[in-house]
Amino acid sequence: MANHCDGNSNLTGSSLKIPAIKFTKLFINGEFVDSVSGKTFDTFDPRTGEVIAKVSLGDAEDVDLAVKAARHAFDYGPWPRMSGSERGMIMMKFADLIQENSEEIAALDAVNGGKLFIMCKVIDIGTASRTLRYYAGAADKIHGTVLKLSKGFQGYTLKEPIGVVGSIIPWNFPTAMFFMKTGPALTAGCTIILKPAEQTPLSALYYAHLAKLAGVPDGVLNVVNGYGCTTGAAISSHMDIDKVTFTGSTEVGRKIMMAAATSNLKPVSLELGGKSPLLIFDDADVDQAADIAFRGMFFNKGEICVASSRVFVQEGIYEKLKKKLIEKAKATVVGDPFDPKVHQGPQTDKKQFEKILSYIEKGKTEGATLLVGGNRVGQKGYYIEPTIFVDVKDDMTIAKEEIFGPVMCLMKFKTMEEGIKRANSTTYGLAAGIITKNLNVANTVSRSIRAGVIWINCYTVFDMDCPYGGYKMSGFGRDFGLEALDQYLQIKSVVTPVLNSPWY
C-alpha cells in the first residue's frame, strides 16, 4: 500500500512479507541464550507501530558473560592465531551465506527499521558482503616493518590485534553498520561483543547465526541486545574490553568517551552526528543539482548521518532549483517499504517520528517558511512527508541541530567565500557536497570545508576503499578502507642487538 504525500490514506502496510522471526535471544559463546534476568523487550514494526517479537534483554551481567567468552577466545582460542588466509576464507564463507539468505535478512531490516525492502536487498546486503570480502582479502596482508637502528641494533614492528572489542551500532543501517565494525575487527584477529540498536536487533542476531555456520569460532562474535543506558554503558565501562567503537549521536558519544576514560582508558572510535552542507553554484546543471540535493537529503527517509540537510544555493539559480525540489517532494511516494513503487518508508520508531515532527513545528515557530510537506502521512505507522523549509537563518534550531529525518533547509548565498563560511558554521564536520563545473571552485571549496568526506558533483557515494569519518563533533576514527583496519591493531616494536656486523 502506498500513496503520494497528501496524507489522505491510512498506511497500514502488509504482513505478507514478514519472515518468521527465528532468533530473538542473546548470542554468547556460539549459542543463543536467554538473558540472565530472563527479561525481554518488544521490537516494533514502524509500518504499524505493532510488536513484531519479544527479544531477550541483556544487561551488565550478560555483557560480563559475553566479555568472558570473548576474552577466552582471544587469549586461548584459534581465531587470533590462525593465519590471515585462514581467517579470510572463513570470512568469505560468511559473505557467501549472507548472499544466500539476502531475501530473508532484507525483509527483517525492512519490517524492523522501515527501510525499503529493495534497498536493503540490493544496497545494504551488497555492502555487507562486499565489506567482508574486502577485509577478508586484507587478512593475510597485515605486515610490520624491519628497521635498521643506530648503534648496532635492529628492530621490527609487529601489528597485533588490539583484543576484545565492544561495538555499539545504530538503527538506521543495521546491516551495513554491523559489518563496518565487525569486518575489520575480525580481519585483525579481534573478538567482539556487539550491541545492536534496541530498535533493530533482528538482523544482527541472524548474522550471528550465519557467522557460526561459516566457521567463526565460539566466543569470537557475540551479540548482546539491550538498551544504551544499561548494555551500552556496561560495554563502554568494562575493564576487560580493550576498545570501543560507536556510531550514533554526539551526546551518547560523549558518555562513551567518559566511561572509557574512567574505566581502563580503552581507545574509542566515534562516528557521530552531522549537519552536512551542500553548496550548489550558479554554473551547476539545475536538473542534476536537484537530483543530487534531493537524494542527499531524503535517501533512507533522511535517517542518515551525512544527509545534506543544509542546502546552500547560489542566488542565480535559487528559484529554479527551488521549483525542481518542490516537484520532487510532491512526486515522492510514501508508504509500505515492501511496495516496489514506494520511495520512502516510515521513520524507524515512534520516538524518532515524534522528534522529527517537533523539529518541523520548531522551524515554523522560529520563522522559517514551510515550502512543502511537514505533515504526518496516514493515521497508523510513522510516516512523514518529505519536508523543505526556506527562509532559514543559520542560527535557527533546524539549521543547527541534527534532525535525522526527511527535513531539508534550503538557503541562498551570494559568493563562494560566503558559502564556505556558512558551510563551516557548524559544530559538526562529517560530510559536505559541492556542485559546480568550475574546477577551481571545486578545489578551493573542498580544501576549505572542514569535513571528513567531500563529494563533488555527487553525494552519498561510499566505497570499501574510501575511508569515512568526521571532523569536530562528528567524531574521530575511520570506517572503511585500510585505515579502519588500523584501528583494531596495536603496533609493537621489537629491538635486538646486532653483534659484530660489518654493516654497523
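Because the model is predicted, local features need pLDDT of at least 70 and side-chain atom pairs count only at pLDDT 80 or more, while totals for chains, interfaces and linings use all residues.

Entry one. I looked up E271, which an unreviewed UniProt entry annotates as "active site"; such annotations may be inferred rather than shown by experiment. E271 lies in strand β12, residues 268–271 (strands are DSSP runs of E, at least two residues, and helices runs of H or I, at least four, numbered from the N terminus). I found E271 buried at 3% relative accessible area (buried is under 20%, exposed over 50%, partly exposed in between, with a 1.4 Å probe and protein chains only). Beyond four places in sequence, its contacts (heavy atoms within 4.5 Å) include C305, Y468 and D479.

Entry two. I then turned to the 27 salt bridges (a side-chain nitrogen of Lys or Arg within 4 Å of a carboxyl oxygen of Asp or Glu). D336 pairs with R47 at 3.2 Å between the closest N and O atoms, and this pair links parts of the chain 289 residues apart. D336 is buried at 1%, and R47 is likewise buried at 1%.

I traced β7 (residues 153–161), which pairs with β24 in the antiparallel sense over nine bridges (pairing needs at least two DSSP bridges), and noted P497 in β24 as the bridge partner of F153.

Key
Residues numbered from 1 in each chain as written. Heavy atoms only, no water.
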